[in-house]
Amino acid sequence: MNRDSIIMALCAQDYPDYMLDQTVNKIECMDERVKVAFEKWIDGNETPSLEIEGWNYDKLVANFKMRPVAAFLALDWLIRDPEKAIKALKRGIR
């Protein structure tokens, strides 16, 4: 998935212009497992089954009202820094 495709996907999700570059950079650096799930979601609107540290896409979207892209970034955060991410999620970040 190239940068332009990611920007188009973010625009389709009504991401504000000022967040595009920063969000694209994060997506490009995501863990490969999350990136593959993200690409499947973009290409076919496939809900990911990926679970990290007891958290999954559906739980993040439903419980925290996260936008889809934010849920993928949270899953990536759970891989990269599970201790901080779990604490933040348990506190109820949105």
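Throughout this passage, a residue is called buried when its relative accessible area is under 20%, exposed when it is over 50%, and partly exposed in between, with a 1.4 Å probe and protein chains only. The model is predicted, so local features need pLDDT of at least 70 and side-chain atom pairs count only at pLDDT 80 or more, while totals for chains, interfaces and linings use all residues. Residues are numbered from 1 along each chain as its sequence is written, and side-chain values use heavy atoms, with hydrogens and water left out.

We may begin with the overall architecture. The protein chain contains six helices and two strands, where helices (H or I, at least four residues) and strands (E, at least two) are DSSP runs numbered from the N terminus. Along the sequence these elements are arranged as α-α-α-β-β-α-α-α. The radius of gyration, taken over C-alpha atoms, is 13 Å, which agrees with the value near 12 Å that a compact globule of 94 residues would have; the globule rule is 2.2 Å times the number of residues to the power 0.38. Taken along the principal axes, the C-alpha atoms fill a box of roughly 35 × 25 × 25 Å.

Of the 94 residues of the protein chain, 37% are buried. A contact means heavy atoms within 4.5 Å; among contacts with a separation of 6 or more, 51% come from residues 24 or more positions apart. The protein chain exposes about 5,800 Å², and carbon and sulfur atoms supply 47% of that area (Shrake-Rupley method, 1.4 Å probe; for residues, only the protein chains shown count as cover). Charged side chains number 14 positive and 16 negative, and the centres of the two sets lie 9 Å apart. In this count Lys and Arg are positive and Asp and Glu negative, with His and the chain ends not counted; the place of a charge is NZ of Lys, CZ of Arg, CG of Asp or CD of Glu.

In soluble globular proteins, nonpolar side chains tend to be buried together. Here, the largest nonpolar core has 27 residues, and those with the most contacts inside it are L10, L60, F72 and L78. Two or more residues of this core come from each of α1 (3-12), α2 (17-28), α3 (32-44), α4 (57-64), α5 (68-80) and α6 (82-91). Helix α5 gives the most, with six residues. Such a core is a set of buried Ala, Val, Leu, Ile, Met, Phe, Trp, Tyr and Cys residues joined through side-chain atoms within 4.5 Å. Leaving aside residues up to four places away in sequence, F72 touches M30, V34, A37, F38, W41, P48 and Y57.

T23 lies in helix α2 and is buried, because its relative accessible area is 4%. Not counting residues up to four places away in sequence, T23 touches L10, Y15, V69 and L73. A9, in helix α1, is also buried, at 11% relative accessibility. The C-alpha atoms of A9 and G92, which are 83 residues apart along the chain, are separated by 27 Å.

D58 is found in helix α4 and counts as partly exposed, at 45% relative accessibility. With residues up to four places away in sequence left out, D58 touches T47 and N63. Its C-alpha atom and that of L73, 15 residues along the chain from D58, are separated by 13 Å.

E53 sits in the loop between β1 (51-52) and β2 (55-56) and has a positive phi of about 55 degrees although it is not a glycine; at 48% relative accessibility, E53 is partly exposed. K65, in the loop between α4 and α5, has a positive phi near 55 degrees and is likewise a residue other than glycine. With a relative accessible area of 64%, K65 is exposed.
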